[in-house]
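Walk through this model with the viewer open.

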Amino acid sequence: MLDQRLLRDDPELIIRQLRRRGLEPDLAGLQRIALQARDLEEERSRLQAEGNRIGKAVGERIRGGAQADGPEVAELREQGNRIKQRVALLEEEEKGLEQTLRDGLLELPNLPSEQTPEGRNETDNIEVRRWGEPRLPQAGESLEEHWQIAERLGLVDTERSVRIAQSRFITLLGQGARLERALISFMLDRHSAAGYREVLPPILVNTASLTGSGQLPKFAEESFRCAEDDLWLTPTAEVPLTSLHRDEVLAAEQLPLRYTAYTPCFRREAGSYGRDTRGLIRLHQFNKVELYWFCRPEESDAAHEQLTRDAEGVLEALELPYRRIELCSGDLGFSAARTYDLEVWLAGAGTYREISSCSTCGDFQARRAAIRCREGKKTRLLHTLNGSGLAIGRTMAALLEHGQQADGSVLLPAALVPYFGSDRLVAQD
RNA sequence: GGAGAGGUGGCCGAGUGGUCGAAGGCGCAGCACUGGAAAUGCUGUAUAGGGGCAACUCUAUCGAGGGUUCGAAUCCCUCCCUCUCCGCCA
């Protein structure tokens with residue numbers, strides 16, 4: 001959420017920055033409401049102060065010996081009643097304005113960082129760096145896509161997944177299930193060793209949690225909802241992790257707080273019909289290990305780089321070629337001020353594919369979720385950052401395509417052997 | 001699901017209509033004492049919003065929302081949450 005003071009004082013700045021996202025917001029109405037609410041508050045609190053004075057005066061008179069129902073007190077009572085009525089009126093109006101204002105502000109996305117490059121859409125994103133050699137088919141060699149390998153080796157069962165749930169759900173079997181579990185453990189161990197605190201949060205979250213991290217109110221159609229319970233299936237661990245400290249004031253000395261969490265993630269993928277219909281790339285339910293930082297505002301730039309490096313470290317340990325993309329202003333997510341996407345090389349598909357998205361949100365989520373830090377005597381909003389470290393299904397896809405061998409087996413990176421118990425996947429019954 | 005208890009400041013805990021943003025304690029910070037520390041003493045120590053260059057000041061907040069009253073942490077109503085016991089259950 002944006003600062004309503006900024007809206008009052010300099011709406012042009014907001015418009016200028018949101019224009020970079022390709023938006024053309026009309027903030028005049030919202031600004032007027034913000035100013036009105038402020039003026040109303042001034043008048044109301046002035047009246048309340050007067051009412052308080054009268055209340056005290058009554059107490060003093062009575063203690064001073066005046067009759068509680070005498071004329072002197074009655075006059076004050078009358079005054080008090082008039083003020084009370086007026087205050088009630090103003091309060092109601094003020095409350096309405098503030099609700100409208102908040103609703104409006106909750107709909108506005110974060111402002112892009114100064115450092116975020118200009119651009120309209122994903123074609124304007126900027127490649128920052130590459131790591132590793134993309135595997136290309138040798139002469140006479142044809143590389144399979146991961147879903148072909150997975151089906152052939154019996155790692156997944158697509159048809160039965162539809163029977164159990166519906167399309168865009170997957171069932172992993174045997175080595176496939178084991179590999180998924182190995183990847184989760186591997187990543188959590190790695191991040192824990194790097195100082196992240198491991199969290200296993202609820203994956204049903206309430207509306208306040210989704211609002212805090214920015215999924216609501218705007219993107220309700222993207223999440224699965226348990227209508228009877230004010231609970232939603234979390235679309236990413238970013239949601240419960242943000243709310244881990246919702247409505248808290250953290251001591252500056254304990255920052256940064258860094259968390260890593262494995263959760264299943266649930267997304268409706270509305271509007272993606274026909275895209276990535278096969279395999280592990282786009283599912284309603286997928287596993288992800290998330291990285292999350294709460295830090296002081298001054299630290300967030302360095303934190304963003306470090307968090308991204310921590311995600312890249314997983315890819316490097318798994319010997320998977322990738323590139324880092326910086327998203328342009330027009331391609332940023334709702335809550336993000338600045339984002340690096342990591343794209344892993346899918347050797348069979350012959351393309352780079354997003355496997356992690358590492359964002360700094362500035363104080364945008366902190367304001368929504370009321371997360372502050374105490375700095376000396378003052379408190380102020382802190383900064384939050386999140387990133388995948390990594391999406392498990394897509395990691396498995398990349399491993400299958402990257403490690404496929406002429407004999408049909410798949411060679412796994414050495415780092416996984418202790419977790420998976422073998423250095424390769426072979427055909428199973 | 002049944003029965004009961006309870007939600008007050010960073011924590012514990014007092015407060016049942018009036019000057020209470022709230023005693024006392026703990027914790028924390030500063031100062032004094034000390035060679036240094038402990039102990040001790042003194043002082044300070046909530047959040048949000050508004051106004052002000054600032055000192056400061058106004059308002060609200062004792063789970064949430066409504067009500068009674070000139071005045072509510074305190075009385076009334078509704079809701080939420082937590083805890084304990086029983087039942088059920090991985």
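How many bridges join S14 to strand S15, and do they run parallel or antiparallel? The model is predicted. In it, S14 and strand S15 (residues 378-381) are joined by 4 bridges and run antiparallel. Glu375 stands opposite Lys378 in S15. The two strands make a hairpin with 2 residues between them. Gly376 takes a positive phi there, near 65 degrees.

Strand S14 (371-375) is among the elements that give two or more residues to the surface near RNA strand B. Arg372 has a polar side-chain atom 3.2 Å from a phosphate oxygen of RNA strand B.

Now take in the whole RNA surface. RNA strand B is surrounded by 22 residues. The closest are Arg8, Arg38, Glu41, Gln48 and Arg63. Of the atoms of RNA strand B that come within 4 Å of the protein, 71% belong to sugar and phosphate. By class, the surface near RNA strand B has 12 charged, 7 polar and 3 nonpolar residues.

Two further polar approaches can be picked out. Glu41 places a polar side-chain atom 2.5 Å from a sugar or linking oxygen of RNA strand B. In the side chain of Lys95, an N or O atom is 2.7 Å from a phosphate oxygen of RNA strand B. Which elements give two or more residues to this surface? They are helix H1 (4-9), helix H3 (28-63), helix H4 (71-107) and strand S14 (371-375). H3 gives the largest share, with 13 residues.

Helix H12 (residues 392-403) has 12 residues. H12 reaches 16 Å from its first C-alpha to its last, close to the 16 Å expected at 1.5 Å a residue. Why is H12 described as largely enclosed by the rest of the structure? Because 11 of its 12 residues are buried.

Next, follow the strands from S12 onward. S12 and strand S13 (residues 351-360) pair in the antiparallel sense over 9 bridges. Asp341 has Ser357 in S13 as its bridge partner. S12 and S13 form a hairpin with 4 residues between them. In that turn, Gly350 has a positive phi of about 65 degrees. S13 also pairs with strand S16 (residues 383-391), antiparallel, over 3 bridges. Here the bridge partner of Thr360 is Leu385 in S16.

Ala337 lies in the loop between strand S11 (322-326) and strand S12 (338-346). Ala337 counts as buried because its relative accessibility is 11%, under the 20% cut-off. Leaving out residues up to four places away in sequence, Ala337 touches Asn110, Leu111, Pro112, Ser113, Thr116, Leu332, Thr360 and Cys361.

Ser329 lies in the loop between S11 and S12 as well. Is Ser329 buried or exposed? Ser329 is buried, with a relative accessible area of 0%. Its side chain reaches the backbone nitrogen of Gly119 at 3.2 Å. With residues up to four places away in sequence left out, Ser329 touches Arg20, Arg21, Pro112, Thr116, Pro117, Glu118 and Gly119. Pro112 and Thr116 are also touched by Ala337.

One sheet remains. Three strands form an open sheet in the order S5-S7-S6, with antiparallel pairing. The edges are strand S5 (204-205) and strand S6 (225-226), and each pairs on one side only. S5 and strand S7 (residues 231-233) pair over 2 bridges. Val205 stands opposite Trp232 in S7.

Notes:
Residues numbered from 1 in each chain as written. Chains lettered and ligands numbered in written order. Predicted model: local features only at pLDDT ≥ 70, side-chain atom pairs only at ≥ 80, totals over all residues. Heavy atoms only, no water. Near = heavy atom within 4 Å. Polar contact = N/O pair within 3.5 Å; in protein donor to acceptor, adjacent residues only side chain to side chain. Nonpolar A, V, L, I, M, F, W, Y, C, P; charged D, E, K, R; others polar. Buried < 20%, exposed > 50% of the residue type's maximum accessible area, 1.4 Å probe, protein only. Contact = heavy atoms within 4.5 Å. Pairing = 2+ DSSP bridges. Expected span 1.5 Å × (residues − 1).
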